[in-house]
Amino acid sequence: MKNKLLYVIMAAAVVQLTSCAKDKFINPVPTNAISDLTAFDSKDRIEGQVRSIYASIKNAGMYGGRYQIFNDIRGEEFMNDRTNVVTGFDIWNYTPSNSSTNSVLNHWSRAYYVINLANVFIDGMAAKGTTIVGANLSNNYLGEARLLRALSYYSLLQLYARPFWDGNGSKPGVPLRLKGNTGSGDYALARATVAEVYTQILADLTFAEQNLPLTNANATLNTTRAHRNTAIALKTRVLLSMRRYADVITEANKIVSATAPFVASSGVAHALQADYRTMFTTNYFTTESIMSMPFASNETPGGQNQLGYYYGPSAFNGGNGEYSLLASGIISDAGWLPTDRRRSFVQVFSGKSYLTKYSVASTFIDPAPVMRYSEVLLNLAEARVRSTNTVDAQAIALLNAVRGRSDATTIFTALNFANADALANAIVNERRIEFLGEGLRGTDITRLGLPLPAKPGVAAIAATAQQYIWPISSSELLLNPLCVDN
């Protein structure tokens, strides 16, 4: 009974990320400031809530930088130069084995905070908001909320749960919370299976696809606010993680033309940019940037969190050079030619190679990339190869489109690949080059069942080892008696 009382008093504080102040433990107040339905009294208030979900998911602890960094440094491309746990040393060397580790606690709580904001919004729209703004606009907003909820659950599965291939989704996932929490209550909830959480993610993205606008008002909003093609693109990523390759093809074909130049023929006219460097230097909001998290000079990602701070050395952008590029990583690939435009973002300072893709000095307010059109092309290419087990001609054309816009001298043909595995490996290798520093490598490793790679002073971690995934947050374990650890 004592433990039950403790849980009732504290649950809202943990799930809602309220402060530790005594009065907020005793009288928890939702951090989104919703205590009743007054927040749904006007269109402006409703719109403000949608913006608050975006503001929360782009927190530096989520898709504003840290989530991408976590997945980068779990791979084999980066060398930790500071041995600072605050900036991910334990993630880099595969030792976040304590459920009270800051990274483990912070990502879990931040993801569930975003999920709860979305849930509270969804509940409020059903109760009152839809009558205020009308069905069409309500569905637009609900599509955004559900897409952001899906992104949050996806991030949790990548770090805290076994990959889908292990038991076909039957292993424990995370608690699947779909009802908003606005006060104390009994929030004991067992972990859903990995498959159940993925099913909800896909349901949210399908709803978003069906209800989001085809396009937004301008190019900036087409990158920073969700539209129909955002949902479709994200489904290709989710389905690839589940190894549902035929379904990846079905989704990708909605926004990828059958032949080169590959473009989206409906909704936002997604296409590769002629110059890869454009998206990271002169125009952050192109038709290739399907979703990015933007920042302004008065709204920075926060100290020791920003992409530019981690990867940029002081001599380049005033960064801290937390991670240099390993000489044994993708930069050693002889097929990645010096003339490839993407090589221009690999520069040497004081004898070490650094990624200089994020160049905004001091404030480090480069938009944090979440998804680009080139990923959809490579998702489609890989799915075609793995589903047919052939040296697929369209897969080669898609691979050439991504490589060719940065390196026109390299043209792949069927003669380059002895079999389907060789082509699939080339596509995965292209992903390592194309998305270096954008947070895809860690999830690629785990969805493919590869070991977490050995690095200087760090042994490889087998795909079956306990360290392959993170422990569950100790806060959740303390306050949710039905949740079990990994």
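Both Phe164 and Tyr198 are buried, that is, under 20% relative accessible area, where over 50% is exposed and in between is partly exposed (1.4 Å probe, protein chains only). The model is predicted: local features need pLDDT of at least 70, side-chain atom pairs count only at pLDDT 80 or more, and totals for chains, interfaces and linings use all residues. Residues are numbered from 1 along each chain as its sequence is written, and side-chain values use heavy atoms, with hydrogens and water left out.

**Aromatic pairs and charges over rings**

- A search of the whole structure finds 21 aromatic pairs, defined as rings of Phe, Tyr and Trp (its six-membered ring) with centres within 6.5 Å; planes under 30 degrees apart are stacked, over 60 edge-to-face and the rest tilted.
- The pair of Phe164 and Tyr198 is edge-to-face, because the ring centres are 5.8 Å apart and the planes stand at 75 degrees.
- Tyr276 and Phe280 form a tilted pair, with centres 5.5 Å apart and planes at 40 degrees; Tyr276 is buried at a relative accessible area of 1%, and Phe280 is buried at 5%.
- Lys357 lies over the face of Phe280, at 4.9 Å from the ring centre, the criterion being NZ of Lys or CZ of Arg within 6 Å of the centre and within 35 degrees of the ring normal.
- Arg146 lies over the face of Phe207, 4.5 Å from the ring centre.

- Glu288 lies in the loop between helix H12 (278-281) and strand E4 (289-293); helices (H or I, at least four residues) and strands (E, at least two) are DSSP runs numbered from the N terminus.
- Glu288 is buried, with a relative accessible area of 0%.
- The side chains of Glu288 and Ser374 make a polar contact of 3.4 Å, meaning N or O atoms within 3.5 Å; within protein, one must be able to donate a hydrogen and the other to accept it, and residues adjacent in sequence count only if both atoms are side-chain atoms.

**Helix H16**

- Helix H16 (residues 393-404) has twelve residues and reaches 16 Å from its first C-alpha to its last, close to the 16 Å expected at 1.5 Å a residue, where the expected span is 1.5 Å times one less than the number of residues.
- Asp392 caps the N-terminal end of H16 through a side-chain oxygen 3.1 Å from the backbone nitrogen of Gln394.
- The buried residues of H16 include Ile396, Leu399 and Arg403.
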